[in-house]
Amino acid sequence: MQPLLSVPTILTRMGVSEGFWHHEYWLPPGAIWEDLKESADVHYPQPQHLLLCIPGALLLIFVRFIFERTVALPLGRALGVSDKQRPKVQTNVTLEGFYILLGKTPKKEELVSLAKKSDLPVRNVETWFRHRRAQDHPRLMKKFCEASWRFTFYFTSFFSGLALLYDALDSYCCLLYTQKPWFWDHTVCWLKFPQQPLSPVLGSFYLLELSFYCSLVATLPFDVKRKDFKEQIIHHIATITLIFVSYCANMIRFGMIVMLVHDASDYILELAKILHYLKWKRVCETVFNVFAVVFIISRLVIFPLTVYYYFVTKVSLFPISCLISAFLMILQLLHVFWSYVIIQMIFNVILRGEESRREAGLPHKAQELLKAYAGSCMDNEDQSRSSLLACSCVLVTWEPSTDLSPHCLIASQKDKMPEVTLKRVTGAKERIWQRTKNNTGLAAKHQDPGSL
């Protein structure tokens, strides 16, 4: 039987410089690669196993493609998810060339130039670009399918990871389940490190997580681009680096804990997205609040105060441990950023609820007129964005119980508006106000908006 090879021999055969893999870089002081030499009964992480993440990522992309078209798409249609019909854009080579090569939002002077080249009014050019941008917005069904796939993986990954932390022992024909001691007691996590044998099941789970994040990076250009796109790229790169480095340094126990702490909230977020796309508002808000609590507890309490704390206090300093500590700090900064975004979203939901209650306090006739006029603004292609803003201002800020007219919000922002925009906002707002006053007789006690 061929003798088992040591880690340095394997790394040298992989074509990697032996100096790069020197034990002083990757292992704590006093440990060498020979300490991790495998035997027939004892196995340790082997760096060449990481190459399996390439076919693993390709396999997951294929599974996702099949899942979205055979499971998520029919499920979305059955639950009533449908894409809104978007305005058609007339073919215009000049405008299309500018849109693709120079930008999606031309400046004022560029609009004038494009209008001359296209022999179109400036207003029509603005409308063309607005409709063209709408075409590029991801469709609701695409978002639903993407969220369904991620929910399925995160849910399976989290609960499979928890299950792997239990050992099944057959004793007197009975199955006894004992939890791995290092899951709760982080001091045990570093006992005899790095000489900690690797379970094949844990190794496979580790490589599956690495393959998944590699697949996310590969599909980033095709996935829905959200507002935190740059932060997502940083997160994926940091995660892949941490998984790669911790596997080579045999920090599998620590890596498993970090993964589970992160996966605890990810599947809840994807579930909230699915419910949002289904327009199940109350259930969605409840699930999102649960997500917010789990996220903040797991990422801002458990992760820094237990997982990261025991890492920096129990592990000796060596180059790879410093690298891991730096990337964990990057993740923590992202956690703080996302926590701020989550809290901001919760406050926005609360404020929307108050606005809805204020609007519900309007007489029924006034509500119908205001909503109808706002709807006409949305449907009229020639209306400017400032007119739409005026519609929103009246719907949001008008409260009959006060002595202020609907122009209060616009007035507070008028110093920040260009003169042309201010005139358009004022005109649209006055038309809404006058029409409502004439039909309801409820605005007599309010200040006339003409003073703006």
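## Close-up views of a predicted model

View 1. With a relative accessibility of 61%, Lys279 counts as exposed (buried means under 20% relative accessible area, exposed over 50%, and partly exposed in between, using a 1.4 Å probe and protein chains only). Please keep in mind that this is a predicted model, in which local features need pLDDT of at least 70 and side-chain atom pairs count only at pLDDT 80 or more, while totals for chains, interfaces and linings use all residues. Residues are numbered from 1 along each chain as its sequence is written, and side-chain values use heavy atoms, with hydrogens and water left out. To find Lys279, look in the loop between H10 and H11 (helices are DSSP runs of H or I with at least four residues, strands are E runs with at least two, and both are numbered from the N terminus). Lys279 is not a glycine, yet its phi is positive, at about 65°. Most residues other than glycine have a negative phi.

**View 2. Helices H10 and H11, on either side of the Lys279 loop.** Helix H10 covers residues 252–277 and helix H11 covers residues 281–314; their axes come within 9 Å and cross at roughly 165°. Axes here are lines fitted to C-alpha atoms, for helices over the stretch in contact, and angles run from 0 to 180 degrees between N-to-C directions. H10 and H11 are therefore roughly antiparallel to each other, a label for angles over 145 degrees. H10 passes H11 in a left-handed crossing, meaning that the near helix is turned anticlockwise from the far one by less than a right angle. The contact of H10 with H11 has 22 nonpolar, four polar and two charged residues. For these classes, Ala, Val, Leu, Ile, Met, Phe, Trp, Tyr, Cys and Pro count as nonpolar, Asp, Glu, Lys and Arg as charged, and the others, Gly among them, as polar.

**View 3. H7 packing with H10.** The axes of H7 and H10 lie 8 Å apart, and the two helices pack at an angle of about 150°. H7 passes H10 in a left-handed crossing. Sorted by class, the residues of the contact of H7 with H10 are 16 nonpolar, three polar and six charged.

**View 4. Met141, a buried residue of H7.** Helix H7 runs over residues 140–164 and includes Met141. The relative accessibility of Met141 is 9%, so it counts as buried. Leaving out residues up to four places away in sequence, Met141 touches Leu73, Gly76, Arg77, Val81 and Asp83 (contact means heavy atoms within 4.5 Å). Met141 and Ser82 are 59 residues apart along the chain, with 6.4 Å between their C-alpha atoms.

**View 5. The H8 and H9 pair.** Helix H8 (residues 200–218) and helix H9 (residues 229–248) pack at an angle of about 150°, and their axes are 10 Å apart. These two helices, H8 and H9, are therefore roughly antiparallel to each other, and their crossing is left-handed. On the H8 side, the contact is made by Tyr206, Leu207, Glu209, Leu210, Tyr213, Cys214, Leu216 and Val217, and on the H9 side by His235, His236, Thr239, Ile240, Ile243, Ser246 and Tyr247. By class, the residues of the contact of H8 with H9 are 10 nonpolar, four polar and one charged.

**View 6. His49, touching Leu207 and Tyr247.** You will find His49 in the loop between helix H2 (23–26) and helix H3 (53–78). Its relative accessible area is 28%, so His49 is partly exposed. Setting aside neighbours within four places in sequence, His49 is in contact with Leu207 and Tyr247. Tyr247 is 198 residues from His49 along the chain, and their C-alpha atoms are separated by 9.5 Å.

View 7. The C-alpha atoms of Phe193 and Leu27 are 9.2 Å apart, although 166 residues separate the two along the chain. Phi of Asn250 is near 60°, a positive value in a residue other than glycine.

**View 8. The protein chain as a whole.** Stepping back, the protein chain has 16 helices and two strands, and 41% of its 452 residues count as buried. Among contacts between residues at least 6 apart in sequence, 76% join residues at least 24 apart.

Definitions and conventions
Parallel < 35°, antiparallel > 145°, perpendicular 65-115°, else oblique.
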